[in-house]
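Me: Please take one part of this structure and look at it closely with me. I would like to start from a single spot and then see what else there is to notice.

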Amino acid sequence: FLYINLSIIQIFTARIGRLTSNQELVSSILSQSILSAFILYWCINKHIWSISLIVPFMTTLLFIISAFIYPDRADMILSYRDGIWNIISVGGSMMGFFIVMNIKDYTVLENIMRLSLWYQVPYFLYICIRAGKTGYWIIKVGNDTFKSSYNMEVGYGMSLVAILLIYAFYKRRNVFLLLISALFEFLIILFGSRGAMLPLIVYLMMWFFISRGESKWKAFGKKLTILVISCVVLFFIITSIDLITVYINDFFLDRLNYYSRSLMRFINGDVGNASSRIDLWKPMWKYLRENAYLPLGLYADRELVGTYSHNFIIEIISNFGMFGIGAVLYLFFQTVRFFKICTEECEKMFLCVFMSYSITRLMLSSSFWMERYFWIYLSLLVVGIRKYKTDYKVCNGVLEGELRKGGLNA
């Protein structure tokens, strides 16, 4: 719970950090120490899966070796903010993989995420109201601080909350949860980036195809009804887009005097423009075509275009070459395999929470090394496949034993 909601600890450690000459460093050390103490206590008398230690160890070893092989990139690879220290820290992606692997039961994580909503929902509402009153966000990049009309990280944080609320609605069928989820999706438009709106849409699409219902034809009828209603609503939105934009412009810009980057893109019809991403992807794809099978090494995309590639497929292929292509295909195969062997619809829907959020985000921004929910998705996938594979072996063992006895149970 504290790992998912690390900001709970950071709120208090930041206050202590203000009393020192280096607030950020002191706050980071304190929050890491507190979370480390909880994790160590949690590990006492617990059987630790070896793979949960092997993966972080191999990742650390890979980064250290890469720093020697590519000395020009050593500062990036070993940096505190975007390098190995951010990945293997107590609040980093590897720790998420370690924790979830050793939980070994998705229902435990499900309860933790449900409890997290009690903190995250009021927290995000509070900081959005505060930013709305101020009129801007304070964004820190490296050592530079500036004012911004939107906050990408907050937007993606609210995106995960919106998906978790939809999952809670799926389990409880409480319309209030659906309304709060819609509210957060709207807040993303006002305060976040455009990409943060997509994970919820992807999750709903997954729900549409995964959910079965009591009867096959009843489920088909529900899905057909939802599809028809969605098409009708979309038709009226498209045909009335000019009128809608006028009302939006009048209410938010003229009456409330609030500027929203995403909202302005909607009004100007520029919401689908991804020219900045395409400008990054084009040179990367060109270079990868020329070096299709050769791994360019860790952080090769940062060296080639000056920043991360904003697309995890390009990032993996540029880092690992043909091995990266194999890794992407293997991940796809194992995900399909899980959906095929998993017998619990709730478990599928819960995996889709992290899958839809992390993959959608990684296709547009962030790095797969640092996206902790991507590694939680991987750990849930490994735990799920291992569980159903073990259950299958046990069932076969029982049946074979009964057959050998010649009993009626066989």
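Reply: Tyr 299 counts as buried because its relative accessible area is 0%. Buried means under 20% relative accessible area, exposed means over 50%, and partly exposed is in between (1.4 Å probe, protein chains only). This is a predicted model, where local features need pLDDT of at least 70, side-chain atom pairs count only at pLDDT 80 or more, and totals for chains, interfaces and linings use all residues. Residues are numbered from 1 along each chain as its sequence is written, and side-chain values use heavy atoms, with hydrogens and water left out.

You will find Tyr 299 in the loop between helix H14 (275–290) and helix H15 (300–305). Helices (H or I, at least four residues) and strands (E, at least two) are DSSP runs, numbered from the N terminus. Now check the backbone: Tyr 299 has a positive phi of about 65 degrees, although it is not a glycine. Most residues other than glycine have a negative phi. Ser 366 is another residue to look at here, with a positive phi near 70 degrees, and it is not a glycine either. Ser 366 sits in the loop between H18 and H19, and it counts as buried because its relative accessibility is 13%.

Let's step back for a moment. The protein has 19 helices and two strands, and 44% of its 410 residues count as buried. Take the contacts (heavy atoms within 4.5 Å) between residues at least 6 apart in sequence: 68% of them join residues at least 24 apart.

The expected span is 1.5 Å times one less than the number of residues. Buried in H10 are Pro 199, Leu 200, Tyr 203, Met 206, Trp 207 and Ile 210. Seen down the axis of H10, these buried residues fall within an arc of 120 degrees, so they line one face of the helix. The arc is that of the directions from the helix axis to the C-beta atoms. Leu 204 is also in H10, but it is partly exposed, with a relative accessible area of 38%.

Helix H3 can be read in a similar way. Its 20 residues should span 28 Å at 1.5 Å a residue, and its end C-alpha atoms are 28 Å apart, which agrees. The buried residues of H3 are Ser 52, Pro 56, Thr 59, Phe 63, Ser 66 and Ala 67. They cover an arc of only 110 degrees around the axis, so they are on the same side of H3. On the other side, Ser 50, Phe 57, Phe 68 and Ile 69 are exposed. Among what covers the buried residues of H3 are helix H4 (74–77), helix H5 (84–88) and helix H6 (93–103).

Two or more lining residues come from each of helix H3 (50–69), helix H16 (312–320), helix H17 (322–341) and helix H19 (372–405). H17 gives the largest share, seven residues. By class, the lining has 21 nonpolar, three polar and no charged residues. Here Ala, Val, Leu, Ile, Met, Phe, Trp, Tyr, Cys and Pro count as nonpolar, Asp, Glu, Lys and Arg as charged, and the others, Gly among them, as polar.
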